[in-house]
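Have the sequence and the 3D view open as you read.

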Number of protein chains: 2
Amino acid sequence: MDRVQTIIAAQRDRFLAEFCEFLAFRSMKGDAAGLAGAAEWTAARLRQIGAAVQMWATDGPPVVFAEIGQGATRLLSYSHYDVQPPDPLDLWESPPFEATVRDGKLFARGASDDKGDTLARIQAVEVYQQAYGDLPLRLKFFVEGEEEVGSPHLAPLAAQHADLLRADGVLWEGGGFDEAERYTFYCGLKGIAYLELRVRGASHDLHSSFAPMAPNPAWRLVQALNTLKDDRDNITVDGFMAHVRPPTTAELAYIRAIPFDGAAVKANWGIPAFVNAMSDEAALLRFLTQPTCTICGLRSGFIEEGEKTVLPSNALVKLDFRLVPDLTPGLVIKLLRGHLDRRGYSDIEIVPSAGMIGARSDVTAPVVQTAVAAARQVYGHEPVVYPSHGGSGPMYALVQALGSNGIMAGVCYPDVRMHSPNENIRMDDYFQHIEFLVEFMRRFAENN
Amino acid sequence: MDRVQTIIAAQRDRFLAEFCEFLAFRSMKGDAAGLAGAAEWTAARLRQIGAAVQMWATDGPPVVFAEIGQGATRLLSYSHYDVQPPDPLDLWESPPFEATVRDGKLFARGASDDKGDTLARIQAVEVYQQAYGDLPLRLKFFVEGEEEVGSPHLAPLAAQHADLLRADGVLWEGGGFDEAERYTFYCGLKGIAYLELRVRGASHDLHSSFAPMAPNPAWRLVQALNTLKDDRDNITVDGFMAHVRPPTTAELAYIRAIPFDGAAVKANWGIPAFVNAMSDEAALLRFLTQPTCTICGLRSGFIEEGEKTVLPSNALVKLDFRLVPDLTPGLVIKLLRGHLDRRGYSDIEIVPSAGMIGARSDVTAPVVQTAVAAARQVYGHEPVVYPSHGGSGPMYALVQALGSNGIMAGVCYPDVRMHSPNENIRMDDYFQHIEFLVEFMRRFAENN
């Protein structure tokens with residue numbers, strides 16, 4: 001056992017006790033005391049390791065910002081102290097805010113998402129200090145309390161404190177072991193533009209017998225939607241695909257090395273084939289590198305059981321565009337508006353709601369390559385590197401917007417049950433992740 | 001005042017009192033006593049005029065069938081004793097089952113739909129008998145109790161009793177004065193095929209980030225629907241329009257004579273223009289003679305307020321086809337199935353529900369021409385003749401299926417509030433309608 005492992009082993013009980021304290025806060029939307037308690041606890045724990053802490057107030061829960069260490073290299077850590085509500089409560093085998101260890105797993109709301117990542121990084125600094133002395137880089141913590149509600153203050157705070165937050169690399173939340181126990185990193189997250197298209201017809205629903213005379217907004221919506229995609233599932237919004245960068249050679253190499261069991265995915269979803277009967281390789285490449293235009297909801301007229309002979313007065317669709325870099329939410333709205341107008345659909349209203357710019361880091365950047373090397377050493381195998389996650393997150397504002405690169409590295413494994421009852425992590429993963437973080441910081445200070 | 005008018009005038013109070021008795025029955029779905037009471041009352045009133053009455057049992061409310069009169073000419077009357085529920089009750093100005101006269105109008109549930117038509121025809125026989133003696137034709141009454149629930153037993157009973165029900169003409173329920181106080185007949189009703197198209201994707205809703213890989217049934221439904229209509233609102237189901245007969249010269253002449261205030265209709269609906277910016281004349285012709293394919297409801301995925309990033313596991317549309325003669329519900333399902341299969345949509349399930357064959361009578365038939373002549377005499381103006389109503393009804397089984405022609409002639413006026421609170425008829429209309437019925441029977445026995 002090396003020095004770092006020995007130190008961690010000696011601290012297991014205390015580190016776990018601290019973790020349980022942190023997990024006891026009901027830091028979820030609507031529980032102001034729980035959120036404030038978790039923020040204060042985070043700040044106090046950061047002060048314990050010697051960090052200079054600031055509380056950045058918002059009209060929601062504050063951001064805990066902290067700095068520690070010296071040196072030329074700047075590393076930013078992003079994580080969050082807020083959690084999802086625990087409902088449905090009756091499906092939990094132990095109370096969600098009373099952390100419980102069973103079979104080597106720690107069960108509690110927030111264990112994986114994201115108090116585990118947050119605390120492991122703080123404890124890793126303490127381990128580093130015991131093992132090697134002062135931290136040889138300037139580590140900045142950005143711990144927010146609004147990730148689960150869409151991070152409404154993240155982008156403005158990032159812009160406001162750009163000089164403080166700018167870094168040579170960013171450790172994002174998330175990541176961990178895959179189904180085959182390979183450690184997995186993600187170097188990006190897709191953006192998103194969520195919007196409604198609304199079509200209006202008559203001022204009120206009409207008897208359907210009037211259909212030969214009265215315009216039907218449901219048909220109009222169907223016809224407009226049909227111009228947005230072709231029958232091969234390609235997005236045909238004018239100018240949209242011109243903004244999609246081809247993957248780089250390095251990204252392609254990493255994607256081709258990702259183990260992907262398409263048959264298992266199809267079986268899980270109960271589908272005979274992927275879209276266009278794609279091969280596993282094509283499906284994975286499309287998943288990780290292509291934008292989407294998805295009907296999330298479609299609604300018009302009478303939608304209950306049975307029959308009602310009605311000609312609807314309005315129709316709406318909820319569309320979610322998952323965005324790759326360069327395709328910003330604002331650009332998507334503009335392209336869509338032009339596309340619809342050019343086809344005579346100027347009456348169709350676009351109502352944007354959530355919007356987030358996509359983030360993709362250079363997979364050859366030091367922060368990524370250092371993490372890969374540290375993982376190879378600590379985990380003893382070649383980690384899996386996803387150039388991008390298929391999902392979305394608010395990475396852009398703290399990473400690409402500040403000229404940096406980032407990587408998701410965390411304490412997850414496939415059965416963490418994030419956002420679900422019985423959320424958990426494996427405690428051995430947690431302590432090994434602290435070891436990884438120590439090694440990562442040591443190397444990043446040297447290599448960057 | 002002629003003989004018939006004098007007789008009617010002498011009976012006004014008694015006829016009204018009988019009408020109020022009939023209207024007191026709560027003969028609506030779910031009220032077995034109300035339905036049975038109305039059926040018995042109808043049978044008793046028919047016996048009073050000397051009719052031979054049969055009660056045709058169903059597993060719902062019975063059909064009251066009655067025959068009266070002698071002669072070569074057979075006339076069938078179709079009407080119903082059931083009514084719509086009175087909800088919302090708080091909008092009624094007087095209790096719905098306590099008929100009340102205000103300002104010359106009789107307010108009660110069923111006043112216009114359809115106890116007025118039913119009783120006026122019975123009382124007209126009595127007036128005829130007093131004025132002229134025995135009825136010179138064989139009048140058959142078919143008074144059902146399930147019209148408001150889709151007449152589930154009408155077609156089988158019509159087939160079972162075809163010999164008894166076959167007639168030289170049919171008086172259907174409905175019809176009356178239009179906005180300009182012109183008496184109005186309808187010589188047909190459209191058929192209907194109501195169905196759902198259901199599309200399935202994954203076995204459960206997926207996270208929308210999986211859209212590059214997982215099939216989306218909402219998009220598939222949009223694409224399939226888009227093949228059913230073109231952008232000029234023409235139905236493009238393979239072979240569908242080939243079954244639409246062009247209107248006859250006589251039908252066209254009647255349609256062109258129909259007063260139609262398109263501007264008022266558009267203002268009422270709050271639309272700037274009819275479909276394809278049609279002229280009033282084109283809109284009316286299309287309304288009365290063309291089939292429809294209408295999206296009544298569209299549903300997939302997340303349809304509440306806000307955002308949910310979901311990839312739906314299923315999608316459905318409720319379609320209502322209004323059918324002209326020759327386009328039967330069975331034919332529509334068959335054409336639609338073939339159309340979808342030919343385009344690779346064999347996975348899309350067609351789930352038919354309501355179906356009814358359309359009815360259109362020969363506008364030159366004696367029953368129509370006799371009604372026009374009788375109306376001209378009694379109402380003192382040229383009546384308006386609609387070759388077909390734009391709506392649907394179960395006329396076919398009792399009329400065209402038995403080789404007959406029929407006409408809708410009733411006690412309505414534009415403010416009858418059928419199916420709504422404060423349903424009413426004008427009592428002068430009611431007594432004048434009895435006069436019309438007497439004159440119609442007199443002429444029909446002579447002319448047929």
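## Helix 2 of chain B

The buried residues of helix 2 of chain B pack against helix 1 (3–23), strand 1 (52–56), strand 2 (63–68), helix 3 (115–132) and strand 6 (138–144) of chain B. Here helices (H or I, at least four residues) and strands (E, at least two) are DSSP runs, numbered from the N terminus. A residue is buried if 20 or more other C-beta atoms lie within 10 Å of its own, exposed if 12 or fewer, and partly exposed in between, with C-beta atoms placed from the backbone. Among the buried residues of this helix are B:Leu35, B:Trp41, B:Arg45 and B:Leu46.

How far apart are the end C-alpha atoms of helix 2 of chain B? They are 24 Å apart, which agrees with the 24 Å that its 17 residues (32–48) should span at 1.5 Å a residue; the expected span is 1.5 Å times one less than the number of residues. Just after this helix, B:Gly50 has a positive phi of about 100°.

## How to read the model

This is a predicted model: local features need pLDDT of at least 70, side-chain atom pairs count only at pLDDT 80 or more, and totals for chains, interfaces and linings use all residues. Residues are numbered from 1 along each chain as its sequence is written, while chains are lettered from A and ligands numbered from 1 in the order in which they are written.

## Chain A overall

Chain A has 12 helices and 20 strands. Its radius of gyration is 24 Å, close to the 22 Å from the globule rule for 448 residues, so chain A is as compact as a globular protein of that length. That radius is taken over C-alpha atoms, and the rule is 2.2 Å times the number of residues to the power 0.38. Buried residues make up 54% of chain A.

## Where the chains meet

The contact takes 56 residues from chain A and 56 residues from chain B; two residues are in contact if their C-beta atoms, placed from the backbone, lie within 7 Å. On the chain A side, strand 13 gives the largest share, 8 residues. Strand 13 of chain A pairs with strand 13 (residues 294–301) of chain B in the antiparallel sense over 5 bridges, where pairing needs at least two DSSP bridges. A:Gly301 stands opposite B:Gly297.

B:Gln290 lies in the loop between helix 9 (280–289) and strand 13 of chain B. Leaving aside neighbours within four places in sequence, B:Gln290 is in contact with A:Pro212, B:Val244 and B:Val324.
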